[in-house]
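Please find below a colleague's note on the model under review. The points are numbered so that each can be checked against the coordinates.

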Amino acid sequence: MAIIKNHTSEIMKGKICMITGANSGIGKATALGLAKMGATIIMVCRNKDRGEKALEDIKKEVENGTVDLMIADLSTQKAIHQLVKEFKERYQFLHVLINNAGVNLSRCVLTEDGIETTFAVNYLAQYLLSNLLLDVLQASSPARIVNVASSVLAKNIDFENLNGEKHYRQLNAYGQSKLAVILFTYELSRRIEGTVVTVNCLHPGYVKTNMIKNFRKFVKYFYPLIGLFMKKPKKGAKTSIYLASSSEVEGVSGKYFKKRKEVESMKAVYDEEIAKRLWDVSIALTNLNFNKTS
Ligand SMILES: NC(=O)c1ccc[n+]([C@@H]2O[C@H](COP(=O)([O-])OP(=O)(O)OC[C@H]3O[C@@H](n4cnc5c(N)ncnc54)[C@H](OP(=O)(O)O)[C@@H]3O)[C@@H](O)[C@H]2O)c1
């Protein structure tokens, strides 16, 4: 009798994958998809109850899966440092880091570090976490960083208004944070070129998730209708899973993907001067000391 093997099910066996914002939407679907491929999953969630519930859901679907939960509110830099410390105490390797957590806030709220929250969670947390984990990623040859961006992008980075000092508009703050994610992805790929770590970013498509919870009332009112035309999280997770696992993108770095295909983006993201300035501003905002990470 012929035995039919599902080759895709085990392709991530032995790989350790950290996914931020893994308790809902695209992050949860990404965690589930990679768990099904045999990866060891570290779910990073800010709320213990929501994290435990999502972990149970994944374990129900992937009975022999190895799924771990780590709690961190990525809006605070102290929590990111603590997360990295605990991770390094528990794990020796990290093969995939998926920076997925994100918010879209209607109001300007400063974090305890004094940074506008959308910018802090969507971009600065990716910057800090990636840099603090770079040593362990470098030791896990080969390793990948996958940054969830968007196709909703601001025209430029307004360095004089990063914290909403001049004004705060929800869509612009979100678009600026996502533009920063793409600039950072390209800049990091230039800085780590020739190493065993690759870094790419993606737009997941328009996906029906909890992202709506902080939208204004009138958007929420129409959401049931708009939601009919949006993807389900499982479909929205496909490009993240592809970039984390596919041999087709082995060695590919510094690219932006949609629907599992590399695509061009707007002109501003290729401006290396802006990318360098953003990098320097990010060092100042995080007090990152490259001689002594974590
Ligand atoms: N949905 C779309 O159409 C779309 C389009 C383009 C890009 N994206 C991006 O896709 C990513 C995933 O979003 P989603 O659509 O799946 O929305 P979602 O269901 O709201 O998921 C967002 C995740 O991020 C977590 N998160 C938010 N703030 C956090 C913080 N301070 N610390 C730690 N975790 C935090 C959330 O945790 P809680 O559950 O505790 O809030 C949740 O797990 C985001 O980066 C988003 O910008 C989404």
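1. Basis of the note. The structure is a predicted model, and the remarks that follow should be read as descriptions of that prediction.

2. The model contains an open sheet of eight strands, arranged in the order 3-2-1-4-5-6-7-8, with mixed pairing. From one strand to the next, the twist averages 25°.

3. Pairing of strands 1, 2 and 3. Strand 2 (residues 40-45) runs parallel to strand 3, and six bridges join the two. Within this pairing, Cys45 has Ile71 of strand 3 as its bridge partner. Strand 1 and strand 2 are also parallel and are joined by five bridges; here Ile16 is partnered by Thr40 of strand 2. As background, strands of a sheet pair through backbone hydrogen bonds, in either a parallel or an antiparallel manner.

4. Burial of strand 1. Five of the five residues of strand 1 are buried, and the strand is mostly covered. In a regular strand, side chains alternate between the two faces of the sheet. In strand 1, Ile16, Met18 and Thr20 point one way, while Cys17 and Ile19 point the other way, and all are buried.

5. Helix 4 lies across strand 1, strand 4, strand 5 and strand 6, and runs at about 170° to strand 5.

6. Helix 3 against helix 4. The axes of helix 3 (residues 77-90) and helix 4 come within 10 Å and cross at roughly 25°. Helix 3 is therefore roughly parallel to helix 4, and the crossing is right-handed. On the side of helix 3, the contact is formed by Gln77, Ile80, His81, Leu83, Val84, Phe87 and Lys88. Helix 4 contributes Leu124, Ala125, Leu128, Leu129, Leu132, Leu133, Asp135 and Val136. By class, the residues in this contact comprise 11 nonpolar, two polar and two charged.

7. Is helix 8 largely enclosed by the rest of the structure or open? Seven of the eight residues of helix 8 (residues 238-245) are buried, so the helix is largely enclosed. The buried residues are Thr239, Ser240, Ile241, Tyr242, Leu243, Ala244 and Ser245. They pack against helix 1 (25-36), strand 4 (96-99), strand 5, strand 6 (197-203) and strand 7 (256-258).

8. Asn122. This residue is found in helix 4 (residues 117-138) and is buried, with a relative accessible area of 0%. Beyond its neighbours within four places in sequence, Asn122 is in contact with Ala101, Gly102, Val103, Thr117, Tyr174, Ser177, Lys178 and Val181.

9. Pro142. This residue lies in the loop between helix 4 and strand 5 (143-148). Pro142 is partly exposed, at a relative accessible area of 39%. Leaving aside neighbours within four places in sequence, Pro142 is in contact with Lys15, His95, Val196 and Glu250. Pro142 and Leu225 are separated by 83 residues in sequence and, C-alpha to C-alpha, by 43 Å in space.

Terms used:
Residues numbered from 1 in each chain as written. Predicted model: local features only at pLDDT ≥ 70, side-chain atom pairs only at ≥ 80, totals over all residues. Heavy atoms only, no water. Helix = DSSP H or I, 4+ residues; strand = E, 2+ residues; numbered from the N terminus. Buried < 20%, exposed > 50% of the residue type's maximum accessible area, 1.4 Å probe, protein only. Contact = heavy atoms within 4.5 Å. Axes fitted to C-alpha atoms, helices over the stretch in contact; angles between N-to-C directions. Parallel < 35°, antiparallel > 145°, perpendicular 65-115°, else oblique. Left-handed = near helix turned anticlockwise from the far one by under 90°. Nonpolar A, V, L, I, M, F, W, Y, C, P; charged D, E, K, R; others polar. Pairing = 2+ DSSP bridges.
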